Amino acid sequence: MSIVVDKWQEASLVSFSRGNSVQSTAVEIKDLTKAFGTNKVLRGIDLELHAGQVTALMGANGAGKSTLVKVLCGVHSANGGQIKMFGASYAPASPSAAIEAGVVTVHQSINDGVIPDLDVASNLMLDRLANGGGFFVNKRAIRVEARKLAALIGLEVDMRQMVSDLGLADRQLVAIARAMAHKPKLLILDEPTSSLSAKEAVRLFELLDRLRVQGVAILYISHRSSDIRRIADRIVAMRDGRISGVFEGVSLDYEGAVKAMLGHSMSEISLDIPMPGAPVLRLGDIALLPESEPFSLDLHDGEVVAITGLVGSGKSALAEVIFGLAKPAAGHMELRGAPYAPRHQAAAIAAGVFQAPKDRASNAVIQGFDITKNITLPFSKRHSKMGLLSRQSERTTAQRMVQELGIVCQHVTDDIGSLSGGNQQKTMVGRWMAEDANVLVLDEPFQGVDIKARRDIGAKIRATAKGRATVVMVAEMDEAVEIADRIIVMADHTIKGDHRNENIDLNMVLAQVAGSSETSGHINAG
Amino acid sequence: MQADTHKRAKPTPVELAIKFGFIALLIAMVLFFSAFAENFATPFSAVFIFQSVAITGILALGVTVTLVVDGFDLSIGSTATSALMLSSYVMVVWELNAFWAVLFCLIMGAAVGLVNGLLIVKMKVPDLLATLGMMFLLVGIQRIPTEGRSISTGMIMPDGRVTEGVFSPNFLYLGRNKFDFFIDNLIPVSVVVLLVIGFIVWAFMELTRHGRLMYAIGSNERAAELAGTNVNRYKVLAYMISGVLASVGGILLAARLGRGDIASGNNLLLDSVAAALIGFAVLGAAKPNAFGTIIGALFIGILLQGLTMMNAPYYTQDFVKGAVLVVALVFTFALSKRGGAH
């Protein structure tokens, strides 16, 4: 570890010493805005990226960081503002225009960057193959060129090997090496370590150190504190389409950046926290991963519990365990006193454990179905006799949910695609609120909805909480404070903190979100 | 959706064209052929159309069911010819009666569907490839027992035996009898079978929760799964329905021909797939549906009969079918894009 730190300091010293002579602003973004329809995703971004520096970009889901990246790499064009590259105006019309201008992006999913069924050399020279240069392929010439490129970044594999036979780290290096063929001025890496092992990540960092010395500006998107501490010269936090904090200096304030990205403006809503009832779902010594620390958790009748944590903190893994999509590595569950171990989601639903999944477009909405059919989907049995559906019974339920949740539509037979995002989300929440649950898990129920819909959904969740245990998974601290009786913080696939939502010490909560373990023992005791 | 468009706003001409365009085209075509093709508007020609539409339509209904779960069954044509050969074999070689012939065929169809379904959901073979493989397999297997020859009474088997069984009259009744409907001998049995199966498939898809869940799987498999639907079971069911319907088509074909003709049924696959896909465009459904499929089959049947009676050469038929299919597909998909835009 100490070696790594030394190296990091060395590298940053290099960059700072270079900085005195050549450090220049590589990219200058001024008042950049982007909206999709009425949804303003970027609300005026001002940001400078320096040559020979690694800038880490952090932001929760929906903060706008992927949109910012897509504007930079030419997928989207901005609505307003301007970008300058080394003083010259930069507005790429397409991804290939961006690459030509020296902005190269390595996407999160490695396989987007490589072609598995071609050999390494062809992958490295792919852009040249794709952009003309004769009809026949001169394999030897390509291998020679490719080898030069590989040497540049320390990629040591046989040029004739198939990319599909390489490990993830080597594939990633191939994608980056391919990017290097364009002599990038700005290199964007989107969660590059998410699929790498620790050892593989070290190799990536060594490469980034070299690139930094060569004067490349690097924009590094990640939430991992270990990554950021190791590689970043600067942290930029985004929130609600704006830059909410820039942190630099030798000792980077990672926790400050987390705070800036999650925000903690106190909400005006005052909650009336009821006394929790009897335990409904009890989790005993659950270990989500074989190596993660086991934890126990009781969810009570009438209680709304928010579980918060960054991407990769284990929130989703916990939701999957409760809903029967995955088995925990260890531990047991009890539902109203009886052992509970759902083998699949149908078993969970039969036991009254419901989950409204996150990302409604891919996990929930049935396009081509109307509101009614979307709402009654999981409980079609209840609306049918001998398999024959009763449209009347379905409509009664749908009308009730439309009314209770305030879904704005002309009729319950409106096609789901004709609704706004917020109303689609309400419909998806309504799907699971239409029947009585023992446990209701809502994974990111406020994703991509406006403040009004968020308040409506939140109020409805609280108003109906009696008789079940409710779990809401949220990344945004505001949302947790707004809705929950109790806030549970997860990091590293275990529970780091458990707070009653009253006079809550947000600094401590945010420290736990950032994964600091010093305080967690103390909190659990208290 | 359809019921409420009227309440909300007056449909634009484009919407009307999308919705009733194909039905209008069908009627226009009938009028055209009646006026210009001699003997088109006669009972004889109607019987012929019905008979050719029935088998295609039954197979197309099976394809429709697999399309609903976002699958595809390329093996229906060869399943039908396998049923044709199997029923002949059961009666002519084993000398069993019509009941056993039909039963064996239905079991064979269900088994083929089961294997298709398991290949797709358990072995994760892509649907087109799994059913393509099954198609080749069936084309081959149906030729092995007779060393590639057609089956008829009095033929010599590979082991030197001479076959003595005959097609039972009850079996032939399925293919040859015609019911009176205003005009004597107008409706063949196969058409009644088509209408009954068409109604059952329609009711199953539109009125039962199972059909609803199958449409949900076709639209968003992941979401259906997270709502507790047993996706794999429904997919296997879809292929089994398809297999059984294909074998019904094969039985009817055998009953019409009265012998195990190895070469018949070549066009079954393409015609029924075309019918199911044309069905997307009927009434602006933009999704696979039983009613549309039957209209699609009727459309193709009338078109071919009309062209034949106008003395268009047989080799132009495939070209015309292809053109109709492409137009129908443009209709459907250009439109559903418009639908998804708002």
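Tutor: We begin with handedness: H7(A) passes H8(A) in a right-handed crossing. A crossing is right-handed if the near helix is turned clockwise from the far one by less than a right angle, and left-handed if anticlockwise. Helices are DSSP runs (H or I, at least four residues), numbered from the N terminus. This is a predicted model, in which local features need pLDDT of at least 70 and side-chain atom pairs count only at pLDDT 80 or more, while totals for chains, interfaces and linings use all residues. Residues are numbered from 1 along each chain as its sequence is written, and chains are lettered from A in the order in which they are written.

Student: What describes two packed helices?

Tutor: The angle between their axes and the distance between the axes describe them. Here, the axes of H7 (residues 168-180) and H8 (residues 198-213) of chain A come within 9 Å and cross at roughly 20°. Axes are lines fitted to C-alpha atoms over the stretch in contact, with angles from 0 to 180 degrees between N-to-C directions. H7(A) is therefore roughly parallel to H8(A), a term for angles under 35 degrees.

Student: Which residues in H7(A) and H8(A) meet?

Tutor: Contact requires C-beta atoms, placed from the backbone, within 7 Å. Leu168(A), Ala169(A), Gln172(A), Leu173(A) and Ile176(A) in H7(A) meet Glu200(A), Arg203(A), Leu204(A) and Leu207(A) in H8(A). By class, this contact has six nonpolar, one polar and two charged residues. Ala, Val, Leu, Ile, Met, Phe, Trp, Tyr, Cys and Pro count as nonpolar, Asp, Glu, Lys and Arg as charged, and the others, Gly among them, as polar.

Student: How many residues of chain B are in contact with chain A?

Tutor: 21 residues of chain B are in contact with 28 residues of chain A. H9(B) gives the most to the chain B side, with six residues.

Definitions and conventions. Contact = placed C-beta atoms within 7 Å. Helix = DSSP H or I, 4+ residues; strand = E, 2+ residues; numbered from the N terminus. Parallel < 35°, antiparallel > 145°, perpendicular 65-115°, else oblique.
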